[in-house]
Amino acid sequence: MLSEKSTRTIRATLPAVGAAIDEIAAVFYTKLFAAHPELERDLFNRGNQANGAQRQALAGSVAAFASALIEHPDVRPDTMLTRIAHKHASLGITRDQYEIVRTHLFAAIADVLGEAVTDEVAAA
Ligand code: HEM
């Protein structure tokens, strides 16, 4: 599931990502909603978005996914993926919205961690 090289890279960089996850989440949502106000208005503003906990769910789950892959590189974390997939299917999230989220999440990680995020680190 994860190559040996990427496992090494992620193992080395995950502590820095984890330590900065609150800031990454804040920058991510600022960027996302600046570029796509309709997502804030029509999608995120419902339900749990008003409380801070949900803001961290996405970035936090990416870090949790990375941790699971490092601990068990050959095992796909299906339980976690299934729960998240059901949630997003029920919200009606579309393929292009995943691209949007990826763009702004990686931009937020690069902004917060700066030069530490080389091309190799981003790819891993
Ligand atoms: C790899 C991509 C993504 C991951 C890992 C992820 C992760 C999560 C997690 C863990 C939650 C909390 C789920 C729960 O409460 O059980 C969540 C909620 C949510 N996600 Fe995502 N997400 C992703 C992509 C997206 C995309 C592309 C959108 C739409 C643009 C989106 C919109 C939402 C919304 C609106 C909620 C809040 C639902 C609610 O609590 O009312 N997510 N996400």
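This is a tutorial dialogue on how to read some features of a predicted model.

User: What should I know about the numbering and the model before I start?

Analyst: Residues are numbered from 1 along each chain as its sequence is written. The model is predicted, so local features need pLDDT of at least 70 and side-chain atom pairs count only at pLDDT 80 or more, while totals for chains, interfaces and linings use all residues; side-chain values use heavy atoms, with hydrogens and water left out.

User: Which residue is the protein donor of the iron atom of the ligand?

Analyst: Donors are N, O and S atoms within 2.8 Å of the metal (3.2 Å for Na, K and Ca), and sites may look incomplete because water is not among the atoms. Here the only protein donor is His 88, through NE2, at 2.0 Å. His 88 belongs to helix α5, residues 78-91. Helices are DSSP runs of H or I with at least four residues, strands are runs of E with at least two, and both are numbered from the N terminus.

User: How do I read the packing of two helices?

Analyst: Two packed helices are described by the angle between their axes and the distance between the axes. The axes are lines fitted to C-alpha atoms, for helices over the stretch in contact, and the angles run from 0 to 180 degrees between N-to-C directions. Take helix α2 (residues 21-35) and helix α3 (residues 37-44): their axes come within 4 Å and cross at roughly 100 degrees.

User: Are α2 and α3 roughly parallel or roughly perpendicular to each other?

Analyst: They are roughly perpendicular. Angles under 35 degrees count as roughly parallel, over 145 as roughly antiparallel, 65 to 115 as roughly perpendicular and the rest as oblique.

User: Which residues in α2 and α3 meet?

Analyst: Contact means heavy atoms within 4.5 Å. From α2 come Tyr 29, Leu 32, Phe 33, Ala 34 and Ala 35, and they meet Pro 37, Leu 39, Glu 40 and Phe 44 of α3. The residues of this contact divide into eight nonpolar, no polar and one charged. In this scheme Ala, Val, Leu, Ile, Met, Phe, Trp, Tyr, Cys and Pro are nonpolar, Asp, Glu, Lys and Arg are charged, and the others, Gly among them, are polar.

User: How do I read a pair of aromatic rings?

Analyst: A pair of aromatic rings is described by the distance of the centres and the angle of the planes. Rings of Phe, Tyr and Trp (its six-membered ring) pair if their centres lie within 6.5 Å; planes under 30 degrees apart count as stacked, over 60 as edge-to-face and the rest as tilted. By this rule the count comes to four aromatic pairs. In one of them, Tyr 29 and Phe 44 are edge-to-face, with 5.8 Å centre to centre and 75 degrees between the planes. This pair links distant parts of the chain, since Tyr 29 in helix α2 and Phe 44 in helix α3 are 15 residues apart. Phe 28, Tyr 29, Phe 33 and Phe 44 form one aromatic cluster.

User: Where does burial come in?

Analyst: Buried means under 20% relative accessible area, exposed over 50%, and partly exposed in between (1.4 Å probe, protein chains only). Both Tyr 29 and Phe 44 are buried. Leu 43 lies in helix α3 and counts as buried at 17% relative accessibility. Glu 40, also placed in helix α3, counts as partly exposed at 31% relative accessibility.
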